Amino acid sequence: MNIHEYQAKELLSDYGVSVPMGKVAFNHEEANQIASDLNSEKYVVKAQIHAGGRGKGGGVKLANMLEEVKQLASEILGMNLVTHQTGPEGKLVSKVLIEEASQIEKEFYLGMVIDRSTEKIVVMASPEGGVEIEEVAKHSPEKIIKEFIDPTVGLLPFQCREIAYFIGLQGKAVNQAVKLIMGLYNLFIDKDCSLAEINPLILTKDKQVTALDAKMNFDDNALFRHPDIEKLHDPTEEDPTELEAKQWGISYVKLDGDIGCLVNGAGLAMATMDIIKHHGGEPANFLDVGGGATTEQVTQAFKMILSDPNVKAIFVNIFGGIMKCDTIAEGIIAASKEVGIQVPLVVRLEGTNVELGREMLSQSGLNIITGKDMREAAGKAVEAIK
């Protein structure tokens, strides 16, 4: 689960991390009042969406005086903000963060993530702040330090000092950085984060180490332990179909391709997307109906796939174990009767009750393309579009 910048900064503040003074506003009048209460010389108006690159898209603007805040908030609120992370469709801005402007002397990068290869949390930092860490890793990997945390002892102060010295901090700023990094780590552990990123981390002209921006992701599987974090969920930031899928117990992620996929099992779903790309096609979604899906869930899965206007063909790839092939056949037939399937439908069934499932589909009157195996069926799905 992702949260907004202003929410992440509130959590950071609770853990002793220095952040600029600010508050979220939902209209330009609120924005003006918040700025007035801050009583700063300059202000920053920042669009709040779940995407990076907001500044380049026009979603972050500097107000040189109080009178400008209201106007800038009016311009940003309601805009369709397009960044490299939103895709061409962009995201609607419904809230803005109003902050006091910081006098920046130097920008850095600081982040924490779970490293799957070592099964440890890794702290990454760089003196190159304000840019994507992937770009730094690609062009200047020597400018990134990585500190792996032993889960039996946790993050140690000497590791924090190494990070502070590496990015170029000196004097009292080092102690501030140690406190900030330890606070970020404690938050990461306490709240079951999967990613915590401060970019940029800044040193102000009065030598204060501050988190100027913040991004946090949380482990969905751990939210039952954190009702306070779950309350921060903003459904308006998610794809409506993905939200609907959660309500039905279906794993669905929208992609940019044109071949809709209906599969049982996450591993098979990943393999299905891979083999579609191998044949020169592009999957329109990741969709796992799970091992014990009902006819109703399968029908709903078809509805979700067909709701995507980009879908030009559907590839059903089922290996029946717990999931029976006749259940999938029932769902296909039910979906066809209810919403109609007007695009080529390629089906590969194998496993439990496969003969019954194939017979049901052959007698349904539906125009179905079959494949004897996954490779052949994927090729036919790509060919059906061409």
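Contact means heavy atoms within 4.5 Å of each other. Among contacts in the protein between residues at least 6 apart in sequence, 68% join residues at least 24 apart. This is a predicted model, in which local features need pLDDT of at least 70 and side-chain atom pairs count only at pLDDT 80 or more, while totals for chains, interfaces and linings use all residues. Residues are numbered from 1 along each chain as its sequence is written, and side-chain values use heavy atoms, with hydrogens and water left out.

**Figure 1. The whole protein.** The protein has 13 helices and 18 strands; helices (H or I, at least four residues) and strands (E, at least two) are DSSP runs, numbered from the N terminus. Along its principal axes the C-alpha trace spans about 75 × 50 × 40 Å. Of the 386 residues, 49% are buried. Buried means under 20% relative accessible area, exposed means over 50%, and partly exposed lies in between (1.4 Å probe, protein chains only).

**Figure 2. The largest nonpolar core.** A nonpolar core is a set of buried Ala, Val, Leu, Ile, Met, Phe, Trp, Tyr and Cys residues joined through side-chain atoms within 4.5 Å. The largest one has 44 residues, and those that touch the most other members are Leu-12, Leu-110, Met-112, Leu-169, Met-216 and Phe-218. Helix α6 (residues 172-190) supplies the largest share of this core, with 10 residues. Another core, of 29 residues, lies apart from it; Leu-287, Val-311, Ile-333 and Val-354 are among its members.

**Figure 3. The surroundings of Leu-169.** Which residues does Leu-169 touch, not counting residues up to four places away in sequence? They are Phe-108, Ala-164, Val-174, Ala-177, Leu-203 and Val-209.

**Figure 4. Helix α1 and the glycine after it.** Helix α1 (residues 5-14) is mostly covered, since 7 of its 10 residues are buried. The buried residues in α1 are Glu-5, Tyr-6, Gln-7, Ala-8, Lys-9, Leu-11 and Leu-12. Gly-16, which follows α1, has a positive phi near 80 degrees.

**Figure 5. Packing of helices α2 and α3.** Two packed helices are described by the angle between their axes and the distance between the axes. Here the axes are lines fitted to C-alpha atoms, for helices over the stretch in contact, and angles run from 0 to 180 degrees between N-to-C directions. Helix α2 and helix α3 (residues 66-76) pack at an angle of about 150 degrees, with their axes 8 Å apart. The two helices are therefore roughly antiparallel to each other; angles under 35 degrees count as roughly parallel, over 145 as roughly antiparallel, 65 to 115 as roughly perpendicular and the rest as oblique. From α2, the residues His-28, Glu-29, Ala-31, Asn-32, Ala-35 and Ser-36 meet Leu-66, Val-69, Lys-70, Ala-73 and Ser-74 of α3. By class, this contact has 5 nonpolar, 4 polar and 2 charged residues. Ala, Val, Leu, Ile, Met, Phe, Trp, Tyr, Cys and Pro count as nonpolar, Asp, Glu, Lys and Arg as charged, and the others, Gly among them, as polar.

**Figure 6. Packing of helices α9 and α13.** Helix α9 (residues 266-278) packs on helix α13 (residues 374-385) at an angle of about 55 degrees, and their axes are 9 Å apart. These helices are therefore oblique to each other. In α9, Leu-268, Ala-271, Thr-272, Ile-275, Ile-276 and His-278 meet Met-374, Arg-375, Ala-378 and Val-382 in α13. The contact of α9 with α13 has 7 nonpolar, 2 polar and 1 charged residues by class.

**Figure 7. Thr-299 in helix α10.** Thr-299 lies in helix α10 (residues 295-306). Is Thr-299 buried or exposed? At 6% relative accessibility, Thr-299 counts as buried. Leaving aside neighbours within four places in sequence, Thr-299 is in contact with Gly-331, Ala-334, Ala-335 and Glu-338.

Figure 8. Asn-39 lies in the loop between α2 (28-38) and β2 (43-47). Although it is not a glycine, Asn-39 has a positive phi of about 55 degrees. Asn-39 is exposed, with a relative accessible area of 66%. Asp-192, in the loop between α6 and β10, is not a glycine either and has a positive phi of about 55 degrees. Pro-200 is found in strand β10 (residues 193-204). The peptide bond from Asn-199 to Pro-200 is cis, with omega near 10 degrees.
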